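Okay, thanks for coming, everyone. Let me put the structure up, and then I'll walk you through a few parts of it.

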Amino acid sequence: MSGAEGASQVSPAELLEMAKQAAAAGARVLAGRNAEALQASNKGDAGDWVTAFDVAAEHAVRGVISAARPNDSITGEEHGTTRPAEPTGYRWSIDPLDGTTNFIRNIVYYGTSVAVADADGVWLAGVVNAPALGRVYYAARGQGAWLEENGTLTRLEGPVPGRKGQILATGFNYDPQVRSEQAAQFAELLKDFADVRRLGSAALDLCLVADGTHDAFGERGLNEHDFSAGALIAEEAGCWVRRPRLASPLDGGPTDEERLDAWTCAASLELSGKFPL
């Protein structure tokens, strides 16, 4: 597609099929996990790791997208921004390995996240493929959210309203000072819930709200690629979702301060008022 064709001529369903193929390519890389080939290195903050598999998975995802849609823009965690000379207006957001620390330690909550937005920044399709769980979560705008697992396709409808023992999922920043601030705020938030889970993958936490495993998820400081697919999946499952208003990666992305001030949340509507503004 050339830039002249515009962004309106491709349906969310078509984009979803491409997102599924791209996420599957990344997940196949992750499924080949080999402890001796991790090549883990630290990206800056203690605990913020990257491995050879992160890089290889993003390369695989980009390869699928670029082969089919060479004039779409792509932003990703490891390889930054690719903007073609004649962009269509569509932009893909890639997290090739969400849950890298889990992956390094062979904890099963990790996966490849792929989402696509139109020229107005509206998310149209998203996929989170978690190979160690054998699950593929996906959604296209206006078409509901779905889970493929063990050959079974299930429509997702969010948490059960009003159930007892509600669980809140969250995550914390790698910086000790920021983490202390988050912990202080979290103590107040947790009073309305029976328990908490910290699984280490925001993309999957959002999907687990969509499938009703978690009752709510809230975390400060996420990057767009962390939530782009999972937030759409939760939204299409009928959940209340709050995405942070962050500067687009095409425009250089947000400052660290802007990102750390912003919450990403998903829950049943009854729990939406529990989160800070």
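**Cavity, sheet, helices, pocket**

So, the largest cavity is lined by Thr170, Gly171, Phe172, Gln182, Gln185, Phe186, Gly218, Glu219, Arg220 and Trp263. Before I go on: this is a predicted model, where local features need pLDDT of at least 70, side-chain atom pairs count only at pLDDT 80 or more, and totals for chains, interfaces and linings use all residues. Residues are numbered from 1 along each chain as its sequence is written, and side-chain values use heavy atoms, with hydrogens and water left out.

By cavity I mean a set of points, on a 1 Å grid over the protein atoms alone, where a 1.4 Å probe fits but cannot get out; a pocket is an open set with protein on both sides within 12 Å along at least five of seven lines, and lining residues have an atom within 4 Å of a point. The whole structure has one cavity of 30 Å³ or more. The largest cavity holds about 70 Å³, a volume being the space filled by probe spheres set on the points, with grid points joined across faces, edges and corners. Both α4 (176-190) and β13 (216-220) give at least two residues to that lining. Helices (H or I, at least four residues) and strands (E, at least two) are DSSP runs, numbered from the N terminus.

Next, the sheet. It's open, with five strands in the order β12-β11-β13-β15-β14 and mixed pairing; two strands pair if DSSP finds at least two bridges between them. At the edges sit β12 (195-197) and β14 (240-242), each pairing on one side only. β14 and β15 (residues 263-267) run antiparallel and are joined by three bridges, and tryptophan 240 has alanine 267 in β15 as its bridge partner.

What does α5 touch when it packs on the sheet? It touches β11 (167-169), β13 and β15, contact meaning heavy atoms within 4.5 Å.

α5 (residues 202-210) also packs with α6 (residues 224-236), at about 0° and with axes 8 Å apart. Axes are lines fitted to C-alpha atoms, for helices over the stretch in contact, and angles run from 0 to 180 degrees between N-to-C directions. The two helices, α5 and α6, are therefore roughly parallel, the label for angles under 35 degrees. Among the residues that meet are Leu206 and Cys207 in α5, and Phe227 and Ile233 in α6.

Last one: the second largest pocket, about 310 Å³ in volume. It has 19 lining residues, with Arg91, Gly121, Trp123, Glu224 and Ser248 nearest its centre.

Note on methods: Parallel < 35°, antiparallel > 145°, perpendicular 65-115°, else oblique.
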